[in-house]
Amino acid sequence: MANLFIKQAKQYAQGRPSYPPQLFQFIASKTPQQDLAWDVGTGSGQAARSLAEIYNNVIATDTSSKQLEFATKLPNIRYQQTSPTMSSAELEQKVGAESSVDLVTIAQAMHWFDLPVFYKQVKWVLKKPHGIIAAWCYTTPEVNDSMDKVLERFYKNPYWDSARQMVDDKYKTIDFPFEAVDGEDSTGPFEFENERWMGLEDYFTYLRSWSAYQKAKEKGVELLSEHVVEEFKRAWGEDENGGQKLVKFPIYLRIGKVGA
C-alpha cells in the first residue's frame with residue numbers, strides 16, 4: 001500500500017479532500033471518552049487534523065514516511081511510521097497498551113488492509129466495551145453532468161487494484177465484525193458529503209493522486225493525455241467564480257463498538 005502513494009505524496013497532500021465537521025461530530029457523539037484516538041493509514045493527516053480538535057491526543061500512523069512528511073504538525077498529534085504488519089510489541093510501543101484507545105479511525109484506507117490481522121489489533125487496543133472503530137471511504141467527486149460523464153470514462157481504466165471494488169461498493173460489502181453503536185440499529189454505511197471549491201488544476205492534482213494514475217504512469221501510460229485533458233476542459237467551462245467549482249465528495253461511514 002505504502003509504495004502506491006510514495007511517488008505522488010505531494011499530490012496526495014495537496015489534492016485529497018478533507019472531511020466535513022458533521023462526520024467527526026457524529027463519531028465523537030458515539031465515543032463516551034475522548035482521550036485518545038488512533039488514526040490508521042493517516043497519509044498526510046487529513047483526518048488526524050480534525051480529530052485533534054476533539055480528542056485530547058491523536059496517534060496517527062502510516063507505513064509511508066514520505067506521506068508523513070506532508071502531514072500538518074499539531075501539539076496533540078503524534079505521527080508514527082509503522083511497518084506494514086505491526087507486531088504486538090510494535091503496536092504497544094507506537095500506539096498504546098491493551099484497552100487504552102477510545103477511537104480507531106481509518107479514512108479512505110481500510111480496503112488496503114489485511115483485515116483479520118488489523119481487526120485483531122483493533123480489538124486488543126480499544127477500550128472495552130465502548131471503544132469505537134470508524135472507517136470511511138469517499139467515491140468519485142461530483143461536479144456537474146458534463147464533468148461527471150468524462151470522469152466516469154476516465155475512471156474506467158484497468159489500473160485499479162482489486163481492493164478498489166470495496167470503495168465502489170461504498171463499504172457495504174467490507175467485513176466489519178463490530179456491534180452497532182448506541183442509538184443506531186446497524187454499523188452503516190452512513191452517508192455524509194464533503195464540499196470543496198476547486199479549480200480545474202486542483203481537480204487534476206486530485207486525479208494524479210490516484211493509485212491507478214501512478215500505476216499507469218509506471219507502465220508508461222499517461223491517463224491524463226492531451227485528448228483527455230481537453231475533454232475535461234470543455235466539460236469544466238468557465239463561470240462567474242473565476243473557474244472555481246463546488247466539488248462534492250460522497251462519504252460512506254462504517255462505525256461500530258468493540259463490545260465486551
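Trainee: Which element gives the most residues to the lining of the second largest pocket?
Mentor: This is a predicted model, where local features need pLDDT of at least 70, side-chain atom pairs need 80 or more, and totals for linings use all residues. Residues are numbered from 1 along each chain, and side-chain values use heavy atoms, without hydrogens or water. A pocket is an open set of points on a 1 Å grid where a 1.4 Å probe fits, with protein on both sides within 12 Å along at least five of seven lines; lining residues have an atom within 4 Å of a point. Helices (H or I, at least four residues) and strands (E, at least two) are DSSP runs numbered from the N terminus, and the top contributor, with 4 residues, is α8.

Trainee: Which elements give two or more residues to that lining?
Mentor: The lining has 14 residues, with T139, T140, P141, E142 and L151 nearest the pocket centre. The elements giving two or more are α8 (145-155), α9 (164-168) and β7 (245-257).

Trainee: Which residues have the most contacts inside the largest nonpolar core?
Mentor: Such a core joins buried (under 20% relative accessible area, 1.4 Å probe, protein chains only) Ala, Val, Leu, Ile, Met, Phe, Trp, Tyr and Cys residues through side-chain atoms within 4.5 Å. The largest has 57 residues, and those with the most contacts are W136, Y203, L207, F232 and L253.

Trainee: Beyond four places in sequence, which residues does L253 contact?
Mentor: Contact means heavy atoms within 4.5 Å. Neighbours within four places are left aside. The partners are L23, F26, I27, A134, A135, W136, T187, G188, P189, F190 and F192.

Key:
Buried means under 20% relative accessible area, exposed over 50%, partly exposed in between (1.4 Å probe, protein chains only).
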